[in-house]
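Let's take a walk through this structure together. Keep the sequence and the 3D view open side by side, and find each residue as it comes up.

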Amino acid sequence: MSLIKEISIKSKKRIELIDLTDKVQDIVSKSGIKEGICVVYSPHTTAAVIITENADPSVQKDVLAKLNKMVPANAPEYTHLEGNSDSHIKSAVIGNSRTIIVKDGKLLLGVWEGAMFAEFDGPRIRKLLVSIK
Amino acid sequence: MSLIKEISIKSKKRIELIDLTDKVQDIVSKSGIKEGICVVYSPHTTAAVIITENADPSVQKDVLAKLNKMVPANAPEYTHLEGNSDSHIKSAVIGNSRTIIVKDGKLLLGVWEGAMFAEFDGPRIRKLLVSIK
Amino acid sequence: MSLIKEISIKSKKRIELIDLTDKVQDIVSKSGIKEGICVVYSPHTTAAVIITENADPSVQKDVLAKLNKMVPANAPEYTHLEGNSDSHIKSAVIGNSRTIIVKDGKLLLGVWEGAMFAEFDGPRIRKLLVSIK
């Protein structure tokens, strides 16, 4: 049994994390699949999927601040004319998907974990693909 | 056919790589599953899973040294009060899981590859989830 | 139904991205599998798999330039005697595989996305494993 669904996302900032854990869990619950793996996939070259703490918001703030320091919006080595080289680099390095184990119909996330869409070139209309296998 | 198992881990340092290849292979062998994919998942927001060389220990040493240089324990941009922002950032960027192909009942790792639990905020009692599908 | 295939690669530079999207799609098409997930896996400790834009070549150029700036070929903290510590670090951080959803017999990649083998210690003869489940 398998299933593929799409979540529509409207990002509001250039760079932000959007917690989609509840929406992904909802897809898993409605699928009726009790055990398997769930692939959460961003089909965008300037976004990514990140699993990180969804309790204290300072964690997400620090993750983005450090990412912007490592891969700043502007750098002398960038040649891509659209001006979003940093967005592509962040996406390529972090990866555009994460895989979560499903057991008893639940995403087997840790207590503090949330599945986040990582926008690196917003605001934009985006989508997240969810596949359960 | 699918299976989910847990490996218990006791890390000894703040930051270290713990090779779990044999334990993961053991789970695959006992499962009886001959072909599929194996998801190795850390349900922690301050740890990750890394596949890297398990032969010469200088490789793992260099990976951790560079990670600490890119994401140091202390930095002016960190705001998270628990003092482990770097652990969360390393975990989020590297990713908390890796997927390995299984063939003939064996993890299809390269000759020099090992599957490592990456502790970024130890010492702690941790766990690794292993799902075979 | 599942399938594991191998793609042979001959890299030409020390560091380069090699677009293998068409070859992976060809394996999916020939497999007859219409829906599932496709794991693209590099069994090498000095290479990785990256999904990034395959339209404007300046994007790939910028990704590699920034990676070389973050993890340069030489650094005082490297101790590994083979002289390819940077290759191992890039591989470990980026990850040696990517997972792509398959629907209607097609890789569900975004419009601009390509699946690339990331060579970090070439030129070499390499291989990429493709598993469809």
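Between chain A and chain B, 12 residue pairs are in polar contact, counting pairs where both residues have a pLDDT of 80 or more. That confidence score is there because this is a predicted model.

Together the two chains bury about 2,500 Å², and 61% of that is on carbon and sulfur atoms. Three residues stand out on the chain A side: A:Asp62, A:Lys66 and A:Ile101 supply 24% of the area that chain A buries against chain B, more than any other three residues. Charges pair up here too, with two salt bridges counted between the chains.

Next, hop over to B:Glu113, which you'll find in strand β7 (residues 113–119) of chain B. This one is a charged residue that is buried yet has no salt bridge. Why no salt bridge? A salt bridge needs a side-chain nitrogen of Lys or Arg within 4 Å of a carboxyl oxygen of Asp or Glu, and the nearest side chain of opposite charge, B:Arg98, is 8.7 Å away. So what does the side chain of B:Glu113 make polar contacts with? Look across to chain C: the side chain of C:Tyr41 is one partner, at 2.8 Å, and the side chain of C:Asn96 is another, at 2.7 Å. Beyond its neighbours within four places in sequence, B:Glu113 is also in contact with residues including B:Ile51, B:Thr52 and C:His44.

Finish in chain C with C:Ser8, which is found in strand β1 (residues 3–10). Is C:Ser8 buried or exposed? It counts as exposed, because its relative accessibility is 58% and the cut-off for exposed is over 50%. Setting aside neighbours within four places in sequence, C:Ser8 is in contact with C:Lys23 and C:Arg126.

How values were computed. Residues numbered from 1 in each chain as written. Chains lettered and ligands numbered in written order. Predicted model: local features only at pLDDT ≥ 70, side-chain atom pairs only at ≥ 80, totals over all residues. Heavy atoms only, no water. Buried area = accessible area lost by both parts, 1.4 Å probe. Polar contact = N/O pair within 3.5 Å; in protein donor to acceptor, adjacent residues only side chain to side chain. Helix = DSSP H or I, 4+ residues; strand = E, 2+ residues; numbered from the N terminus. Buried < 20%, exposed > 50% of the residue type's maximum accessible area, 1.4 Å probe, protein only. Lys, Arg positive; Asp, Glu negative; His and termini not counted. Contact = heavy atoms within 4.5 Å.
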